[in-house]
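The stops below go from aromatic rings to strands and then to a cavity.

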Amino acid sequence: MAMSKEYTEDLILAVQQICSPAYQEAFKAVTNEQFSFITTEQHTVLESYPNTIAWYAGDQRQTIIEQIRRTHLKWFDNWLNQYGTGQGLIIKQQMLFNHVMLHVENILFRIDHGDIPATEETRKDFCQIANTIKHCLHTIKELNLTVIDEVTSPFVEQHLQILFYFTLDNDLVIHLKRLELVDLVNTFIQIANDRKEILLNAYRILAVLMTEADIKQLQNSNRIASVFIQFISSSINGGASTQDRLQNNLRSLNVLTQHDEIREELIKQNGQKYFLRCALEEKFDPIKAKLPALYILLTLSFNETFATALKTNTNFMEHVRKLSLSSNEDLQRVATALIWQLEEKSEKKDNHKENNSQPSVSSIPTKKQYDIMISYSHSDKELCHQIAKSLELDNLRIWIDFQQIHGNMADTIAEAIENSEVVLICMSSTYKESSVCKSEATYAVKRGCHIIPLVMTPQYKADGWLGLVTSSLIYVDFKKLHFDQAYEQLKHQIQRNRTNPTQELPIKQHPSQDDHSSVNNIILKTFPTVNIVKEYPHCIDMWTEDHVKSFLIEKKLPILLGAFEGMNGRLLHRAYDMCQSNQQAMFSSLKDDIHQSSYRATLTLKDYLIFLEEIKAYIPYKLGQQLNPTSAVCNLM
């Protein structure tokens, strides 16, 4: 059946009947233990009418879907609360029940059809249903099943399918992450046995909710690759009716291929033949199938053996060159990145080696064409464009792709990186998941560019390859701070990194981070009245704020006042315990706090370790620790 854009009388009747009490009554009848057979009227309202709406793609679709959601979401949430575990519900005709539930999902939750939640009320209802599903799954988990049984299987499958649809909306993803579903979903992976639909939806959910560190804990990359390859294969051969599923699977797999083991398994299991079909065959939608398939191939091409084989595929390379001239910006971008990865990158490596073999004429750095190159994901373009405009107002020469693309995009981006003093890496989940962005960032590192990482989304923490690239750098967080404050920090970082500044940026003056002793001296001048304490209370918990200030100044650690100012001994003790439980994370956190304080200084690893060593004498003794004389007194008091 083909999609229709006509607003017909049949469609109007279908909407009226689904939004009438007849729909819920028919649903209750089918799920009643007295049910024996479905009537023509019940079949029409539960299956035929939902089909009519599912295949409508006209301009009234959003209005229709929202009307149905207003009518049924709260009722469906109540039904899930009562029967969502499968316990206490006798299903006599399982296949019919599965069809009915499938139609419920199609008319209420198909965000992948473009049916985004259009009102605040719908969003709240979706969040409540997510809460209810978590409760249902947790209740099933408490049954301690070794394998999912026939009673619970349809319900687990349905719950995970709905949660997957929710992962397609950014606001709902934030809510799902708050629910901390990862361990719960993992439980059902362990007991799914060979129930492929459950495995597929579980993996698709985890692809969105898990960090890279979490995904690396998934032991069976072989199984993950196998499940996706099986479903993508069947979707490719399934015709028009399976194209939405193909897009969903490619989109989820694109996220998972950022992880080394899964990427290697896909190559080992010859999954690339399906991605190549999606990319090359005309029957596949350019955006829904070709685009995610090309992104997966780009990620796989970081494997040198695979890249060599792909480069020799003349049909593919010709197709990619054509796409690099596409009017669609996303297709052009990924095609250009593939050309860069497979052809231009190796040529530039050779040229770079050749140039390095020539004697240097002068050691004086040459002036770059651009002050700043901005590398970003297009999902963050609004904030990135705001930053670009602000930098231009400060008379900096900016390269950003929406202004500067002419001719071959691969050459243009490579030349922009090579000819920019500073590269801004605009970090977010979508940036990290993008193979195009990865190519830009890693090339900037190889070219020795000064890199400044910017945080684009709330509470984002870089991990994986992006964490590796930026771990030693100072972030500017545009979501933690007001834009003007973050922009001031950015200008300060740019000024520090420029080798040939043509003009001074209008920045508030702060002590140089390159002169550690002068930083400490400047900080000390801000505390002229602090008296150095001759003898501290033996137990840190008895210290006042003045004791803390005195201790840090006496130990030549005034830089830590940027993080500890205003703390008494009890708070400092808690900070020390946090350092002990995760020293690396606390070092990064203190470093950020100090940099964002009024001192704008950089905490060194040396100062951090000196602090931990010096304060240890005043920390109360705990059972199992080696006793020291000072902390022993704490425990006697």
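What separates phenylalanine 76 and tryptophan 79 in helix 4? The two are three residues apart in that helix, so about one helical turn lies between them. Helices (H or I, at least four residues) and strands (E, at least two) are DSSP runs, numbered from the N terminus.

This is a predicted model, in which local features need pLDDT of at least 70 and side-chain atom pairs count only at pLDDT 80 or more, while totals for chains, interfaces and linings use all residues. Residues are numbered from 1 along each chain as its sequence is written, and side-chain values use heavy atoms, with hydrogens and water left out.

**Aromatic pairs**

A search of the whole structure gives 26 aromatic pairs. Rings of Phe, Tyr and Trp (its six-membered ring) pair if their centres lie within 6.5 Å; planes under 30 degrees apart count as stacked, over 60 as edge-to-face and the rest as tilted.

Select tyrosine 7 and tyrosine 56 next. Their ring centres are 6.3 Å apart and the planes stand at 55°, so this pair is tilted. Tyrosine 7 lies in the segment before helix 1 (9–18) and tyrosine 56 in the loop between helix 3 (40–54) and helix 4 (61–83), so the pair ties together parts that are 49 residues apart in sequence. Tyrosine 7 is partly exposed at 47% relative accessibility, whereas tyrosine 56 is buried at 2%. Here buried means under 20% relative accessible area, exposed over 50%, and partly exposed in between (1.4 Å probe, protein chains only).

Go back to phenylalanine 76 and tryptophan 79. Their ring centres are 6.1 Å apart with planes at 15°, so the pair is stacked. Phenylalanine 76 is buried at 0% relative accessibility, and tryptophan 79 is buried at 6%. Both belong to one aromatic cluster, whose members include Tyr23, Trp75, Phe109 and Phe155.

Glutamine 158 is in helix 7 (residues 153–166). With 5% relative accessibility, glutamine 158 counts as buried. Apart from its neighbours within four places in sequence, glutamine 158 is in contact (heavy atoms within 4.5 Å) with Phe76, Leu80, Met101 and Glu105.

Proline 21 sits in helix 2 (residues 21–30) and is exposed, at 58% relative accessibility. Draw a C-alpha to C-alpha distance from proline 21 to threonine 71: it spans 9.5 Å in space, for 50 residues in sequence.

**Strands**

Colour strand 3 (residues 420–427), in which eight of eight residues are buried. Strand 3 pairs with strand 1 in the parallel sense over five bridges, and isoleucine 374 stands opposite leucine 424. Six bridges join strand 3 to strand 4 (residues 450–455), also running parallel, with cysteine 426 opposite leucine 454. Two strands pair if DSSP finds at least two bridges between them.

**The second largest cavity**

Which residues line the second largest cavity? Select Arg333, Met373, Ile374, Ser375, Tyr376, Trp399, Asp401, Ile413 and Glu440. Strand 1 (residues 370–375) gives the largest share of this lining, three residues. A cavity is a set of points, on a 1 Å grid over the protein atoms alone, where a 1.4 Å probe fits but cannot get out; lining residues have an atom within 4 Å of a point. This one holds about 40 Å³ of space, and the whole structure has two cavities of 30 Å³ or more.

Key: 1 Å grid on protein atoms, 1.4 Å probe; cavity = no way out; pocket = protein on both sides within 12 Å on 5 of 7 lines; lining within 4 Å. Points joined across faces, edges and corners; volume = space filled by probe spheres on them.
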